[in-house]
Amino acid sequence: MTGHWEHGDTTTQIRREITPQPLLSAERLQSRIDELAAAVDSDYAGENLLVVCVLKGSYIFTADLTRRLTIPHEIDFIAVSSYGDGTTSSGEVKVTQDLQSDIRGRHVLLVEDIVDTGATIRFLVAACEERGAASVRIISLLKKKSADEEDLPEIDYLGFTILPVFVVGYGLDYAEQFRHLPYVATLSGLPESGEI
Ligand code: IMP
């Protein structure tokens with residue numbers, strides 16, 4: 001069923017009516033993360049690395065990535081929001097929970113779940129540079145193939161490029177659901193407006 005849902009009971013509605021369709025299996029994700037971790041390990045050997053997990057979507061990716069790193073590193077967290085509960089970016093990025101560390105002079109690796117318009121990552125890179133980071137690099141599990149590719153900041157380590165469809169799982173949510181899935185999935189049964 002698609003169309004307007006009454007306020008309240010949306011979580012139950014989402015669980016019943018929206019079905020995840022696997023796009024990237026757990027095995028594919030894990031073997032790509034092996035490769036990404038090896039690249040980070042070798043590029044940052046001897047550096048004072050600060051891994052910054054961009055909440056909430058990157059929490060699982062960050063955990064899997066950092067457990068594979070053999071170089072010493074610290075981890076911090078920043079939470080930003082730009083999507084609300086829908087499936088299209090509002091374009092306006094807000095820090096909802098800031099880092100604890102002083103990043104001045106640190107080599108920062110921003111861990112993103114997915115780059116879509118690039119607004120979030122552009123905002124975060126600028127914020128880290130403004131705060132005096134020695135270097136800022138980006139690792140993203142996913143990137144959506146988009147028309148305005150040239151406007152995107154360079155993604156130093158990228159897992160997979162996908163078509164511009166809404167995805168969930170492996171940390172990514174739809175209205176806070178589906179983060180726990182061990183694979184990345186598209187959704188069928190979304191309301192036509194993409195809103196709940
Ligand atoms: P951007 O600022 O447009 O690049 O969007 C980046 C942020 O939007 C990501 O960190 C996600 O939190 C969220 N996002 C973008 N695409 C998706 C998606 O397909 N599923 C879930 N969240 C998404």
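This is a predicted model: local features need pLDDT of at least 70, side-chain atom pairs count only at pLDDT 80 or more; totals for chains, interfaces and linings use all residues.
| Ligand atom | Residue with the polar backbone atom | Distance |
|---|---|---|
| oxygen | Gly118 | 2.8 Å |
| oxygen | Ala119 | 3.5 Å |
| nitrogen | Val167 | 2.6 Å |

Now turn to a pair of helices. H2 covers residues 26-43 and H3 covers residues 59-66; their axes come within 9 Å and cross at roughly 60 degrees. How are H2 and H3 oriented to each other? An angle counts as roughly perpendicular from 65 to 115 degrees and as roughly parallel under 35, so H2 and H3 are oblique to each other. Their crossing is right-handed. On the H2 side, the contact is made by Gln30, Ile33, Leu36 and Ala37, while H3 brings in Phe61, Asp64 and Leu65. Sorted by type, the residues of this contact are 5 nonpolar, 1 polar and 1 charged.

Leu55 and Lys56 are joined by a cis peptide bond, with omega at about -5 degrees. Lys56 has its place in the loop between strand E2 (49-55) and H3. The other spot is Ala175, which is not a glycine and yet has a positive phi of about 50 degrees. Look for Ala175 in the loop between strand E8 (167-168) and strand E9 (184-188).

Technical notes: Residues are numbered from 1 along each chain as its sequence is written. Side-chain values use heavy atoms; hydrogens and water are left out. Axes are lines fitted to C-alpha atoms, for helices over the stretch in contact, and angles run from 0 to 180 degrees between N-to-C directions. Helices (H or I, at least four residues) and strands (E, at least two) are DSSP runs, numbered from the N terminus. Angles under 35 degrees count as roughly parallel, over 145 as roughly antiparallel, 65 to 115 as roughly perpendicular and the rest as oblique. A crossing is left-handed if the near helix is turned anticlockwise from the far one by less than a right angle, and right-handed if clockwise. Contact means heavy atoms within 4.5 Å. Ala, Val, Leu, Ile, Met, Phe, Trp, Tyr, Cys and Pro count as nonpolar, Asp, Glu, Lys and Arg as charged, and the others, Gly among them, as polar. A polar contact is a pair of N or O atoms within 3.5 Å; within protein, one must be able to donate a hydrogen and the other to accept it, and residues adjacent in sequence count only if both atoms are side-chain atoms.
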